[in-house]
Amino acid sequence: MKTYFRNYNDDELNGMLADFVEKKDMEHYVNETHIGYDENGEILFYFIKNFFSTDEIDVIMPTIEKASTFIVSLGRGHAAGKLDMSQPLWAKGLKDVKLKEHNYHNKYTLNPEGISNRKYKLNNPVYSNLVGYYEKPLVNYKKTIKTQPRCRQTQFTARHKDIYSKIIPYMERISGEMAAKLPAHYGKQNQFIQKHRERIGQSCYSTITINKNFRTAIHIDKGDFKDGIGTITTAGDFEGGEFCLVDYKVAINVKPTDLLFVNVHKHHANLPFEGTRYSMVSYVRENIKKCGLKYDYRVVIPSYGRSEVLKQKTLAMLERGGVPKDRIDIWIVKEQLNDYLQYEIDGYRIMEGVLGINKQREFISNYYDENTPLVWCDDDCDGLYEKVLVGDTYKHKEIVDYELFFLNSFDKLWDSGYNLMGVYPLRNIGWMKNRITTGLKFIIGAFRMTFNKRICEKTDFPFCEDFYRTLNYFKNDGGLLRNEGVYIKHNFWTLDGGIDKKVLRTKETKRKLVNKFVERNPEYARKVEKKDGNCDIRLKNVKAFDAKKQTYFLFSCDWADEDDIDRMIQIYKNMKKQGFKVKIYMYLSTYMLYEPYLYDIYCEGDIEDAENIISIENYIHRNHFIFTGIKIGMIYLKNNKENIKKIFKTEKKRNLVNNSIIKFTSDNPILDALNEYIETNRKFDNKTFTKYLEIFDI
């Protein structure tokens, strides 16, 4: 551990840009693990000797070798040094050009006017390439394609995902070491990047610059996260090439097994080297923040008669948690606009809805596009708290970064394939557990997160509506998520006002609704009598349907005709006889073309069957399938718990084939063979079905 002091002023350093450094310019040589501080007591560098094993380096070498020579870069500025037309990487048309004064923009930039058709300035060509993510569109497309995304994977990453993936564990290991050795730098950098999609694995990096045999001249790095710290690693067989902090006259000998964290906003360069040297500079690009968050979520707050309570509780809570005002929509009724107008002036969005909790929430859901990430929050919420271990005791602690909590929760929800996530419904730390469940669990309406599903928000219950919506999502998706280590603090019963103020909540009305709910859903719910004469709903312990153990029959053809539809209908009916819940998915255009035929022949007037024909557009982008250019119908089989005993002899056994997808054209005889097999084989289990699939051309 040592403090280093500057040797040059700013003007002197700027005059040295694009110059190379030599050994004689250095005074301090670092070859062992060492921490260096600058004159202000800030970390200048943290060098760790022999951090990596040679095996780890061998794993990433294919990525390094391929990426470093993927392009010849002409845009490395000062780092590429003074213009030198003798360098071998110059394009053929420029190699033999004798430069005149007007061809120099400055000592390190070539102005090609009169030499080539290029309209931009060039630096010395070097092997240097970006891997990971970049915040600018492709140069060739940014003028012609207006919809080109601002942020993207680099070209190498997009074209060589298999090779790129090999470097991810390497980067995650570096990230973990930064967390251990430099927690303050890691905390800022990781908090910044983890809200965005542009992240290398689960590391705190967005981008790696990989260089081959590139001795950098004096420069400072631009475009990286100002509160972060750069990371330098190397590969290859070389001698020399020390990383130099020019102002401090420090040379650090970074070998392939070594790791260097360093302030790259200080002037730096490399000493000469011999052999083949690769260097990797890992960092977060500052302008990734312009890419947008991983999920473009909205916080929706229905409110009625509680404009002051809203300010004191829910809005204060969200402000504490760092949720931007422009992401918050406050839903009111028109006659109360004046009471809430100040919030619009303060930067919130005021939205006009309808009166009544059911109608309002349904109205809100219909307003937003399907699958929009929504955070539903009541107007009386006062904090999100998690269960944490302090010493030997579990305590409540308010979540610090609400937005990060939202984004991480949507990540988990997306990965699960479900559309509803909630928190623990009670403030009881003894009952809470640090886990996320997937089965049927009550989701409290005061705070929940959804990928908007309009059909699931519909209910005709004036209260008990949280149970109804919970069950809607569970039936629709086969599961839901509940974070049992987090609860929402709110005060539903004792506050004045409320979105459903006019609903008379009496014991009698509640009992009627509870009875109605249980009668409708006997397999999912039961009634519980309480000592005070009240009754309540208890959801049964129903396990989530495992999406990985669903079986899909996929019918693929150039154009769906009546024969295709007939085959699908026949298979549907045969599977339904065996006790499976079956749905047919097809492109909306195909459905509309054959709607009368489907209703007359397939449904035969049965509304329940009619509801099982679903547009595949509503299914594709959330659930595993992407189809283009062909007309498709899909049979979707879902295990019906009520019939598991009859079909599989046991409740626990799930013998459906994992991810079985059968693709074939409309005239393939397999369709008829499959239909015959389903009709004659009542025992539809994993062993026999898998054996039968072996004869199919999958």
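The model is predicted. Helix α8 spans residues 307-320. It packs with helix α9, residues 337-345.

**Helix α8**

- Helix α8 has 14 residues. From its first C-alpha to its last it reaches 18 Å, close to the expected 20 Å.
- A kink of about 30° is centred on T314.
- T314 is also buried. Other buried residues in α8 include S307, V309, L310, K313 and L315. M317 and L318 are buried too.
- Just after α8 comes G322, with a positive phi of about 80°.

**Packing of α8 with α9**

- Two packed helices are described by the angle and the distance between their axes.
- For α8 and α9, the angle is about 35° and the axes are 9 Å apart.
- On the α8 side, S307, E308, L310, K311 and L315 take part in the contact. They meet D339, Y340 and Y343 of α9.
- Sorted by class, this contact has four nonpolar, one polar and three charged residues.
- S307, L310 and L315 of this contact are also among the buried residues of α8.

**Nonpolar cores**

- The largest nonpolar core has 64 residues. V299, I330, F406 and F447 have the most contacts inside it.
- Helix α11, residues 402-416, gives the most to this core, with six residues.
- Leaving aside neighbours within four places in sequence, F406 is in contact with V299, F447 and L318, among others. Y297, V323, V375, L384 and M449 are also in contact with F406.
- A second, separate core has 40 residues, including V131, I200, I229 and M280.

Notes:
Residues numbered from 1 in each chain as written. Predicted model: local features only at pLDDT ≥ 70, side-chain atom pairs only at ≥ 80, totals over all residues. Heavy atoms only, no water. Helix = DSSP H or I, 4+ residues; strand = E, 2+ residues; numbered from the N terminus. Expected span 1.5 Å × (residues − 1). Bend = angle between axes of the 7 residues up to and from the residue. Buried < 20%, exposed > 50% of the residue type's maximum accessible area, 1.4 Å probe, protein only. Core = buried A, V, L, I, M, F, W, Y, C linked by side-chain atoms within 4.5 Å. Contact = heavy atoms within 4.5 Å. Axes fitted to C-alpha atoms, helices over the stretch in contact; angles between N-to-C directions. Nonpolar A, V, L, I, M, F, W, Y, C, P; charged D, E, K, R; others polar.
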